[in-house]
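Thanks for coming. I will go through one model today, site by site, and keep to computed values.

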Amino acid sequence: MAQYKYVHYLTNLGDEKFDPAHEPGRTSPHTGIYKCQGCGVEIICLAGDPLPPLSHHQHSLTHGGIAWRLIVATV
Ligand SMILES: [Zn+2]
């Protein structure tokens with residue numbers, strides 16, 4: 001899980017950009033930290049760059065497929 005020390009550097013925002021789970025290899029719509037919805041692996045991706053592909057890491061059958069969700073966005 002992403003960690004931080006100083007809460008005043010982050011803002012809780014109910015924006016819909018945090019809702020979709022993106023397919024591996026798709027273009028990242030926002031710069032920030034993405035979390036795999038299957039296993040919890042976190043990565044950083046720049047807007048316009050491809051999200052990590054299916055070969056990025058292995059899942060067990062219980063994890064299901066890789067899907068990237070934006071959890072922290074930069075401004
Ligand atoms: Zn995963």
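I start with cysteine 39, which counts as partly exposed because its relative accessibility is 29%. For that scale, buried means under 20% relative accessible area, exposed over 50%, and partly exposed in between, with a 1.4 Å probe and protein chains only.

Some ground rules before the rest. This is a predicted model, in which local features need pLDDT of at least 70 and side-chain atom pairs count only at pLDDT 80 or more, while totals for chains, interfaces and linings use all residues. Residues are numbered from 1 along each chain as its sequence is written, and side-chain values use heavy atoms, with hydrogens and water left out.

Now the metal. Which atoms coordinate the zinc ion? They are SG of Cys36, SG of Cys39, NE2 of His57 and NE2 of His59, at 1.9 to 2.3 Å. Donors here are N, O and S atoms within 2.8 Å of the metal, or 3.2 Å for Na, K and Ca; water is not among the atoms, so sites may look incomplete. The angles among the 4 donor atoms run from 100 to 119°, and the site is tetrahedral. Four donors get that label if all angles lie between 85 and 135 degrees; four count as square planar and six as octahedral if opposite donors are over 155 degrees apart and all others between 65 and 115, and anything else is irregular. For reference, the ideal angle for four tetrahedral donors is 109.5 degrees.

Along the sequence, the donor residues follow the spacing C-x2-C-x17-H-x1-H. Cysteine 39, in the loop between β2 (32-36) and β3 (42-45), and histidine 57, in the loop between β3 and β4 (68-73), are 18 residues apart, and this pair links distant parts of the chain. Strands are DSSP runs of E, at least two residues, and helices are runs of H or I, at least four, numbered from the N terminus. The C-alpha atoms of histidine 57 and cysteine 39 are separated by 9.6 Å.

Is histidine 57 buried or exposed? It counts as buried, because its relative accessibility is 14%. Setting aside residues up to four places away in sequence, histidine 57 touches Cys36, Cys39, Val41, Ile66 and Trp68, where contact means heavy atoms within 4.5 Å.

Histidine 22, in strand β1, is buried at a relative accessible area of 16%. With residues up to four places away not counted, histidine 22 touches Pro29, Tyr34, Leu51, Ala67 and Trp68. Proline 52 sits in the loop between β3 and β4 and is buried, at 12% relative accessibility. Its contacts, leaving aside neighbours within four places in sequence, are Pro24, Gly25, Ile43 and Trp68. Proline 52 and threonine 27 are 25 residues apart in sequence, with 9.5 Å from C-alpha to C-alpha.

That loop between β3 and β4 also holds aspartate 49, which is partly exposed at 34%. Aspartate 49 touches Arg26, Thr27 and Ser28, again not counting residues up to four places away in sequence. Its C-alpha is 8.9 Å from that of threonine 31, 18 residues apart along the chain.

On charges: how many salt bridges does the structure hold? There is 1, between glutamate 42 and lysine 35, with the closest N and O atoms 2.8 Å apart. The criterion is a side-chain nitrogen of Lys or Arg within 4 Å of a carboxyl oxygen of Asp or Glu. Glutamate 42 is partly exposed, at 28% relative accessibility.

Last, the segment before β1 (21-22), where valine 7 is found. Valine 7 counts as exposed, at 52%. Glutamine 3 is also placed in the segment before β1, and at 76% relative accessibility it counts as exposed. Between glutamine 3 and alanine 47, 44 residues apart in sequence, the C-alpha to C-alpha separation is 21 Å.

That is the end of the list. Questions are welcome.
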